[in-house]
Amino acid sequence: MADLIKVENLVKYFPVAAGNVHAVDDVSFAIREGETLGLVGESGCGKSTTGRLLIRLIEATSGRILYRGRDIASADKKTLHDMRKEMQIIFQDPFSSLDPRKSIGETIGKPLEIFGMGSKREREEMVDALMEKVGLSPRLFYKYPHELDGGRRQRVGIARALSLSPSFIVCDEPVSALDVSIQAQILNLLKELQETMKLTYLFVSHDLSVVKHISNRIAVMYLGKIVESSPSLELFSNTLHPYSQALLAAVPIPKLNRKRERFILSGGVPSPINPPSGCRFHTRCPWKMDICSQEEPPLTDRGGGHFVACHKVK
Amino acid sequence: MNGPLLEVADLNVIYKTYEGTVAAVNGVEFSLEAGRTLGLVGESGAGKTTTALSIMGLVPSPPGIITSGSVNFAGKNLLSFSEKEMKKIRGNHISMIFQDPMTSLNPVVTVGIQISEALVAHQNLSEAEAEKKAMEMLEKVQIPGQRYREYPHEFSGGMRQRVVIAMALACNPGLIIADEPTTALDVTIQAQVLDLMRSLKEEFSTAMIMITHDLGVVGEVCDHVAVMYAGRIVETGSLEQIFGNARHPYTLGLFRCIPDIEEETSKIRPIEGLMPDPLDLPSGCPFHPRCPQCMDVCRTVVPGVLDDGGHRVMCHLYGKGGAARG
Amino acid sequence: MNNGNGTLFAPSSVQTKEREKRRSPWWEVWRRLRRNKAAVVGMSVVILLVVVAVLAPVLAPYDPNQTNIKMRLQGPSSEHPLGTDNFGRDMLSRIIYGSRISLYVGFVAVGIGAVFGGILGAIGGYYGGRLDNFIMRCMDVLLAIPQIILAIAIVGALGTSLLNLMIAVGISQLPRYARVVRASALTVRGQEYVEAARAVGASDARIILENILPNCMAPIIVQSTLGVAQAILSAAALSFLGLGIQPPTAEWGSMLSSGRQFLRNAPYLTFFPGLAISVVVLALNIFGDGLRDSLDPKLRQ
């Protein structure tokens, strides 16, 4: 399977009064066609920004984003516009990602209208089909977002993302704002759609258990950098980076006898405006060595596609 | 003191809105012993927060009305207390921690003063004594005491929540109600805060009601669990009983739809259907439209509660005279 | 077909496309408005005004410009319920026809102000940066000049006519709409659904017209009702000063002006036009306030 998406040295700095927020700092990864890459991390790690950079909702400060081999980071407006048909996004908040003044039929059909696909009647039929595909009754066509619950609204967002038949979808925390019982419905829907429509996902989330369930590979981010990336199951059975270990250990498990041990980090996340020197995690790392505050560890392959950025892990 | 610290019996709360009457809490009953922690679990709209507000006497009064029930705290019915009497209870004997640490603290008052306010009000300490105690409380929640002069915006989210915990514990209340206290926090910070809450709970022997939608969090800190759905408690029991032997189809559904991080492959089985409309709850058992084991009687008759050694289930599958399964 | 949400529905191949009725966000606004008694009164007066203006030829007992020197300066009587002016014209008919002008000026001036001001505000709010700065500073300049003075200057430059009056009043109102829409646009542009529109390829123009402006309707509406009131006042003031409507056209402001010299003997010549202006402006203000309150929780749950 070829790489559908290849990201090389992606950087995004946001200028603020006190300096630059290093939101995404030299991030590289690849996603194969038909695969799901899970991007995991806590708030401020840069995962949402990365997702938006990939589809150029935000412009990168530097770096290359290759879609089927073509660099879209520097593409012109026309190419970018066409590319929208291939790369789409599902947002986190089902409340604010839908225009409250538009019926859901209108919202789902808008991309079709923008790209001039078919007559009005044909578009309506396509919208009906899309609604069915995501489990919404076409009878809800004229409903407004405020008349629907969170789960249904999120389905509208999914239908909208699917309308142009894209190949790649960035899922930005698509289930985080939903009730647990609805989360499971939407996750299953996303998996189903991936199979039937041959989709490739970048699944951004802070929830490790959700990411594990849906991803083939997972990349863990901390303060704008990828600290570990590996095939999904491998990350859980053989967690190498201390931050990944802490993250995994912190997930509360609804079971009586948990298998893993306590690993509680001290302190908080440093400011992204002035990230720590060397390895960004060294301020909280229980295994810190001298070299950690001086030199940044490169992301190296430990075998089997398992990459880690850590001086300690040899 | 004999008997449970808190006993809630037949609590019913409605909200009168223009669109109709919302039956927020329907016949809720539970009890809590001193020093123990109860996890009140449910999804949005289940009625958990309204239950907590009822205990605190904070249900917004139009449009909310407590139509019946009793909330016995240390033997006295809080629902019969006047506002003046409740003011002596809040922050003193019963404290509440809310979800959002960003908005729980007054941004223009220093952290130290916010902690000592309760001390001055309830324990008649002088300001100097209260200040000293406030610094001690900060140390207890692992924040350097000299930071008591700082303002909330100078703290991170996790630290702010710890300040809120310090405020709640300042007067050594018998009961703390924590409404989704870690939901807005990052998972590693959540682990810190839960760890802290566990150790403080032991140290102060405080009883706690932990409201959450996250069964994992319940597993970390709670001794007992009560599962709420559509304003009713559908199942309640000890942690071992609920985690080891959940009976109610909704509880089972909740466990099954969470991806298991420890298993290699996990299939998640969603609960079909949608949350019930609080203006128009289903007749009979409120869960019946979504229940994979729905029987005819479930549609019309509200199930009774079967008590099996402290493990209570509200379900016809286990009803008296019904097909009781062990 | 069961997709995990438990609902069964007919496939779309069925010819009859049943769609569920929807409840517009405006319905909620209407319901809240209805409960505000004062606003309902204000709204009724405004509706009455519109009806009177539209049906003026039917309602007015006389031709408003029909002079009758023999009947000049008559007080209110059964033949002329509001009396006659110094040319013997029936005051009641003039007041009734005057409502047309007031309404006309009010709506057109507000129309000009809202459309151009709204677009400028939306563009500034959406793009931000230097463009926004430039537009807002221009608006500041306009706002720095007192409305009446500005209107006088424009009418003075363009000449006195009904059209120029409306343009003058419209331009003087423009900055208000620009500001109000810009503030709203700033909020809206940060919403995820605007990002979503960009993600599906919407152009900036489409986003401004289809997503930003419709979501700024609330402040535009409120500002408009108050704006109509202001426009009526401005038109009256300008006509009073002789810069707007010229006699013999019946307009409340010019009626006030020409009635001034007879204040001692025939106070009703100024009283009734003044009353008309006051009542209409007050009603519009109350209605506008009520609208603002009912739009306030925004149109979402």
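Helix 7 of chain B covers residues 187-204, and its 18 residues should span 26 Å at 1.5 Å a residue. The end C-alpha atoms of this helix are 25 Å apart, which agrees. The model is a predicted one. Helix 7 of chain B is also mostly covered, with 13 of its 18 residues buried. Just past this helix comes S205(B), which takes a positive phi of about 50°.

Now turn to chain A and its contact with chain B. Here 38 residues of chain A are in contact with 42 residues of chain B. The two chains bury about 3400 Å² between them. Carbon and sulfur atoms give 59% of that area.

What polar links join chain A and chain B? There are 13 residue pairs in polar contact, both residues at pLDDT 80 or more. The count of salt bridges between these chains is 1. In a salt bridge, K255(A) pairs with D260(B), and their closest N and O atoms are 3.0 Å apart.

Which helices of chain A build the side that touches chain B? Helix 6 (180-197), helix 7 (208-214), helix 8 (232-237) and helix 9 (242-250) of chain A each supply at least two residues. Helix 6 of chain A gives the largest share, 7 residues. By class, this side of chain A has 19 nonpolar, 8 polar and 11 charged residues.

Next comes chain C. In this interface, 45 residues of chain A are in contact with 36 residues of chain C. The area buried between chain A and chain C is about 3700 Å², and carbon and sulfur atoms give 48% of it. Three residues stand out: R101(A), R139(A) and H146(A) supply 20% of the area that chain A buries against chain C, more than any other three residues.

How many salt bridges cross the interface of chain A and chain C? The rule finds 4. One salt bridge joins the side chains of R52(A) and E192(C), at 3.5 Å from N to O.

On the side of chain A that touches chain C, the elements giving two or more residues are strand 6 (87-90), helix 3 (104-114), helix 4 (120-133) and helix 5 (150-162) of chain A. Helix 4 of chain A supplies the largest share, 5 residues. The classes on this side are 16 nonpolar, 10 polar and 19 charged residues.

Technical notes
Residues are numbered from 1 along each chain as its sequence is written. Chains are lettered from A and ligands numbered from 1 in the order in which they are written. This is a predicted model: local features need pLDDT of at least 70, side-chain atom pairs count only at pLDDT 80 or more; totals for chains, interfaces and linings use all residues. Side-chain values use heavy atoms; hydrogens and water are left out. Contact means heavy atoms within 4.5 Å. Buried area is the accessible area (1.4 Å probe) that two parts lose on being put together, summed over both. A polar contact is a pair of N or O atoms within 3.5 Å; within protein, one must be able to donate a hydrogen and the other to accept it, and residues adjacent in sequence count only if both atoms are side-chain atoms. Helices (H or I, at least four residues) and strands (E, at least two) are DSSP runs, numbered from the N terminus. Ala, Val, Leu, Ile, Met, Phe, Trp, Tyr, Cys and Pro count as nonpolar, Asp, Glu, Lys and Arg as charged, and the others, Gly among them, as polar. The expected span of a helix is 1.5 Å times one less than its number of residues. Buried means under 20% relative accessible area, exposed over 50%, partly exposed in between (1.4 Å probe, protein chains only).
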